[in-house]
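Please consider the following note alongside the sequence and the structure. It is written for a reader who is new to such models.

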Amino acid sequence: MPIDRDSWDLETLAVHADCREPFLGAVTEPIVLSTTFGQPEPGRPIRFEYGRSGNPTREALEQALASLEGANFGLAFASGSAATLNVLATLQPEAHVICGDDVYGGTFRLLEHARKTQRLEITRLDLRDIRAFENAFRPSTRLVWFETPTNPTLKVFDITLLSAVAAKYGVRVVVDNTFATPILQRPLSLGATAVVHSTTKYINGHSDVVGGAVLTNDSTLYEQLKWTQNALGAVPSPFDCYLTLRGIKTLPLRIRRSCETAAQLGTQLAAHPSVEHVFYPGLPDHPDHELAARQMNMPGAMISLQLRGGLEPARNFLMKLRLFTLAESLGAVESLAEHPASMTHASIPKAERDRLGISDGLVRLSVGIEAPKDLWADLEQALA
Ligand code: PLP
């Protein structure tokens, strides 16, 4: 009897999403490094043709990610930014894009680039304001793009509501699900057209692969992206695909552990006298706490905090950390800390950062899977 994968929980899917056609009984997906594939007759490849257009290890990753997000189609890219670039490349010149106001700095940079080179028109909005969102649609609107929770101020946007409004105008909704992963929320099941990931983060989870993906049920978008994937050529190596598949196996465990620890640290930080404000959707005073509880299985493992006194205390805190590594990126087994204004979000102009609450005193933490007591001891000594 064939296995009914549709009935599996995500924990089971994560472990068994690879190795679709076990090779000699192998229980993990083989790495196929070949860049080209022999053809029995000219122009008639058996299944794969050339490594940029398709590769068996990459296909295994694409299918694994698609099954986790509940998608029919998946495409893997060389980075999350490459995934974003490919989505933007599907837009015609002068298309209008509605974008969440708080996005990863590199996404902001790519959109600005597309504004100049593709003449895209971009409206940035706090998408919690549904009336402003409705009013932003124009006849030329082709894409709604947002992250939730957002990076780095951890606002939560209502995927179901935003997708329903966009559907009235026949506009695609793309959700960058990097911070939540399919373990916490599955945007396609809430009405989004596509999900983007920086698989560099939680999906791979071990700080040793840069990668990205787009997952969708929209066959037209898939065909467009399949074309740009091959034409632009920003594809991941088979070895990176293998490592990412390996990371996926423990994704549910890592996410659960990191989220549980983040919930504890968030509460402890909020009570600390040196901390002015904690941005964490798991705290009851977070403005989107109720939505996060409804939309997400757990509130995530990213915490941003505002230290009393601004830049200097923030810098001192980051430099005193011993267990948290001061580094860009997030979502790995090891805990990381960073300063968005000078690191991940430096490409956003200061005035825009200030408007968004990305102040010079803001610090972002990515909570890993270490023992909670050791992480708290590190935060406490750095705050002292
Ligand atoms: N989306 C989010 C939410 C991110 O945080 C990042 C990177 O930090 C990206 C996309 C870009 O991903 P990559 O660094 O893999 O290009």
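The points below concern a predicted model and take up a helix pair, a strand residue and several aromatic rings.

1. Helix H3 (residues 80-89) packs with helix H4 (residues 105-117) at an angle of about 30 degrees, and their axes are 10 Å apart. Angles under 35 degrees count as roughly parallel, and H3 and H4 are therefore described as roughly parallel to each other. Their crossing is right-handed. On H3 the contact is made by Ser81, Thr84, Leu85 and Leu88, and on H4 by Thr107, Leu110, Leu111 and Ala114. Sorted by class, this contact of H3 with H4 has five nonpolar, three polar and no charged residues.

2. Val97 belongs to strand E2 (residues 96-100). Its relative accessibility is 0%, so Val97 counts as buried. Leaving aside neighbours within four places in sequence, the residues in contact with Val97 include Leu91, Leu111, Ile122 and Leu143.

3. The count of aromatic pairs comes to six. In one of them, Phe73 and Tyr222, the ring centres are 4.4 Å apart and the planes lie at 15 degrees, so the pair is stacked. Phe73 is in strand E1 (residues 73-77) and Tyr222 in helix H8 (residues 219-232), 149 residues apart, and the pair thus links distant parts of the chain. Phe73 is partly exposed at 22% relative accessible area, whereas Tyr222 is buried at 18%.

4. Phe239 and Tyr242 also form a stacked pair, with 6.4 Å from centre to centre and 25 degrees between the planes. The two residues are three apart in helix H9 (residues 238-249), which means a separation of about one helical turn. Phe239 is partly exposed, with a relative accessible area of 43%, but Tyr242 is buried, with 17%.

Definitions and conventions:
Residues are numbered from 1 along each chain as its sequence is written. This is a predicted model: local features need pLDDT of at least 70, side-chain atom pairs count only at pLDDT 80 or more; totals for chains, interfaces and linings use all residues. Side-chain values use heavy atoms; hydrogens and water are left out. Axes are lines fitted to C-alpha atoms, for helices over the stretch in contact, and angles run from 0 to 180 degrees between N-to-C directions. Helices (H or I, at least four residues) and strands (E, at least two) are DSSP runs, numbered from the N terminus. Angles under 35 degrees count as roughly parallel, over 145 as roughly antiparallel, 65 to 115 as roughly perpendicular and the rest as oblique. A crossing is left-handed if the near helix is turned anticlockwise from the far one by less than a right angle, and right-handed if clockwise. Contact means heavy atoms within 4.5 Å. Ala, Val, Leu, Ile, Met, Phe, Trp, Tyr, Cys and Pro count as nonpolar, Asp, Glu, Lys and Arg as charged, and the others, Gly among them, as polar. Buried means under 20% relative accessible area, exposed over 50%, partly exposed in between (1.4 Å probe, protein chains only). Rings of Phe, Tyr and Trp (its six-membered ring) pair if their centres lie within 6.5 Å; planes under 30 degrees apart count as stacked, over 60 as edge-to-face and the rest as tilted.
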